[in-house]
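Keep the structure open beside you as you read.

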Amino acid sequence: MRLPEELAALTEGYGFQRHPYEETGAEIHRLTAEGRETLYLKVYPVQGRRLERETRVLRWIDGRLPAPKPLLYMTEGWWEYQLTTEVPGTPTHQLEGSERVNAARAAAEALRTIHGLD
């Protein structure tokens, strides 16, 4: 994958692993490197600047709720790029049975909290 120069510099030395799900329509990569923080890269066609809005929301949520910290948002050509930190925990696609039910309840509680913020 060819990355814009600024993004390539931030991700140098990281290995890229394609995220297994594509519900958002974005191409999502998990970036790992020995001794460094795990990051996520989203790449999305510039259609209404969806990742720009998401980045603004993440910046607003920062400090209020556990959420990824946006490190970089940019566009180049026909693409939007968003680089974020990883939130500690287990991805829901790796959960089974009652764990998924508990995750759904936790997500519902998080949404209630978000909607309760000023």
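Contact here means heavy atoms within 4.5 Å. With that in hand, a word of caution: you're looking at a predicted model. Its secondary structure comes to three helices and five strands, and from the N terminus on the elements run α-β-β-β-α-β-β-α. The C-alpha atoms fill a box of roughly 40 × 35 × 25 Å along the principal axes. Of the chain's 118 residues, 29% count as buried.

Start with helix H2, residues 50–61, which lies across E3, E4 and E5 and runs at about 25° to E5. Its length works out: at 1.5 Å a residue, the twelve residues of H2 should span 16 Å, and the end C-alpha atoms are 17 Å apart, which agrees. Which residues of H2 are buried? They are Leu-51, Thr-55, Leu-58 and Ile-61. These cover an arc of only 125° around the axis, so they sit on the same side of H2. On the other side of the helix, Arg-53, Arg-56 and Arg-59 are exposed. As for what covers the buried residues, the list includes E3, E4, E5 and helix H3 (98–116). Just after H2, have a look at Gly-63, which takes a positive phi of about 90°.

Five strands form an open sheet in the order E1-E2-E3-E5-E4, and the pairing is antiparallel. Strand E1 (15–18) and E4 stand at the edges with a single partner strand each, so one side of each is left without a neighbour in the sheet. From one strand to the next, the twist averages 20°.

Go through some of the pairings. On its other flank, E5 pairs antiparallel with E4 over six bridges; here Thr-75 has Glu-80 of E5 as its bridge partner. The hairpin of E4 and E5 has two residues between the strands, and in it Gly-77 takes a positive phi near 60°.

How much of E5 is buried? Six of its seven residues are, so the strand is largely enclosed by the rest of the structure. Thr-84 is a handy example from strand E5. Its relative accessible area is 6%, so Thr-84 counts as buried. Leaving out residues up to four places away in sequence, Thr-84 touches Leu-39, Tyr-40, Leu-58, Pro-68, Lys-69, Pro-70 and Leu-71. Leu-58 in that list is one of the buried residues of H2.

That brings us to the nonpolar residues. In soluble globular proteins, nonpolar side chains tend to be buried together. In this model the largest nonpolar core has twelve residues: Leu-3, Leu-7, Tyr-14, Leu-31, Ala-33, Leu-39, Leu-41, Val-43, Leu-72, Met-74, Tyr-81 and Leu-83. The elements that give two or more residues to this core are strand E3 (39–45), strand E4 (70–76) and strand E5 (79–85), and E3 gives the most, with three residues. Apart from this core lies another, of six residues, among them Ala-26, Ile-28, Tyr-44 and Leu-51.

Zoom in on Tyr-81, a member of the twelve-residue core. At 1% relative accessibility, Pro-4 counts as buried. Beyond its neighbours within four places, Pro-4 is in contact with Met-74, Glu-76 and Tyr-81. Pro-4 and Tyr-81 are 77 residues apart along the chain, yet their C-alpha atoms are separated by 9.0 Å.

To close, zoom back out to the whole chain. Of the contacts with a separation of 6 or more, 49% are accounted for by residues 24 or more positions apart.

Key. Residues are numbered from 1 along each chain as its sequence is written. This is a predicted model: local features need pLDDT of at least 70, side-chain atom pairs count only at pLDDT 80 or more; totals for chains, interfaces and linings use all residues. Side-chain values use heavy atoms; hydrogens and water are left out. A nonpolar core is a set of buried Ala, Val, Leu, Ile, Met, Phe, Trp, Tyr and Cys residues joined through side-chain atoms within 4.5 Å. Buried means under 20% relative accessible area, exposed over 50%, partly exposed in between (1.4 Å probe, protein chains only). Helices (H or I, at least four residues) and strands (E, at least two) are DSSP runs, numbered from the N terminus. Two strands pair if DSSP finds at least two bridges between them. Axes are lines fitted to C-alpha atoms, for helices over the stretch in contact, and angles run from 0 to 180 degrees between N-to-C directions. The expected span of a helix is 1.5 Å times one less than its number of residues. The arc is that of the directions from the helix axis to the C-beta atoms.
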